[in-house]
Amino acid sequence: MSQITIQCRLVASESSRHQLWKLMAELNTPLINELLHQVNQHPEFETWRQKGKHPNSVVKKLCEPLKTDPRFIGQPGRFYASARALVNYIYKSWFALMKRSQFQLEGKNRWLEMLNSDVELVESSGVSLDSLRTKAAEILVQFCSSQYC
């Protein structure tokens, strides 16, 4: 996913810039942190982690009661929407990373399961170890005599 960064110059009075900073630093950032924490504590979190995604509506439902919380009250509607969007984006990315890591781990476990010891190989195949080695050598000779070696 590509992102475009837009840079702009905020031309406003010092009091307006101070008010915007106060909204962002003292109200909106703590709201985002609270939403991140609540999503993490949600009873369905482990299910979402295993599935690799969460429903976006959960963050919206968690944000609604926080609008009346004295710690976060008084923000413009777009600040609440921005907080919800950011929390959804963060968890969407994190769940995708966790799912990828899970697939990689499962692949490595499958590979390790294929690497049986000699005893396990003899037991599962029902053939002696010498017979297995002879057959493997024959296959290697055939493979190397072809165009691939």
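The structure is a predicted model, in which local features require a pLDDT of at least 70 and side-chain atom pairs count only at pLDDT 80 or more, while totals for chains, interfaces and linings use all residues. Residues are numbered from 1 along each chain as its sequence is written, and side-chain values use heavy atoms, with hydrogens and water left out.

The pLDDT, which is the predictor's confidence in each residue on a scale from 0 to 100, averages 88 over the protein chain, and 97% of the residues score at least 70. Helices (H or I, at least four residues) and strands (E, at least two) are DSSP runs, numbered from the N terminus. Where pLDDT is low, the predicted coordinates should not be read in detail.

A salt bridge is defined as a side-chain nitrogen of Lys or Arg within 4 Å of a carboxyl oxygen of Asp or Glu, and the count by this rule is five. One of these joins Glu-34 to Arg-71, with the closest N and O atoms 3.8 Å apart. This pair links distant parts of the chain, since Glu-34 lies in helix H1 (residues 14–41) and Arg-71 lies in the loop between H3 and H4, 37 residues apart. Glu-34 is buried, at 18% relative accessible area, whereas Arg-71 is partly exposed, at 44%; buried denotes a relative accessible area under 20%, exposed over 50%, and partly exposed a value in between (1.4 Å probe, protein chains only). Arg-71 also forms a salt bridge with Asp-69, at 2.9 Å from N to O. Asp-69 is buried, at 16% relative accessibility. Through shared partners, the salt bridges join Glu-34, Asp-69 and Arg-71 into one network.

A further salt bridge connects Glu-46 and Arg-49 at 2.4 Å, N to O. These two residues are three apart in helix H2 (residues 45–51) and are therefore separated by about one helical turn. Glu-46 is partly exposed, with a relative accessible area of 38%, and Arg-49 is partly exposed as well, at 26%.

Aromatic contacts were also examined. Rings of Phe, Tyr and Trp (its six-membered ring) pair if their centres lie within 6.5 Å; planes under 30 degrees apart count as stacked, over 60 as edge-to-face and the rest as tilted. The count by this rule is six aromatic pairs. Tyr-91 and Phe-95 form a tilted pair, 5.7 Å centre to centre, with 35° between the planes. Because they are four residues apart in helix H4 (residues 77–114), about one helical turn separates Tyr-91 from Phe-95. Tyr-91 is buried, at 9% relative accessible area, and Phe-95 is buried, at 0%. The rings of Trp-94 and Phe-95 have centres 5.4 Å apart and planes at 65°, so this pair is edge-to-face. Trp-94 is partly exposed, at 31% relative accessible area. Phe-45, Tyr-91, Trp-94 and Phe-95 form one aromatic cluster.

At the surface, Trp-111, Leu-112, Met-114 and Leu-115 form a nonpolar patch with about 480 Å² of accessible area together. Patches are made of residues with over 30% relative accessible area and no salt bridge, like charges being joined within 9 Å and nonpolar side chains (Val, Leu, Ile, Met, Phe, Trp, Tyr) within 5 Å. Accessible areas come from the Shrake-Rupley method with a 1.4 Å probe; for residues, only the protein chains shown count as cover. Met-114 lies in helix H4 and is exposed, with a relative accessible area of 56%.
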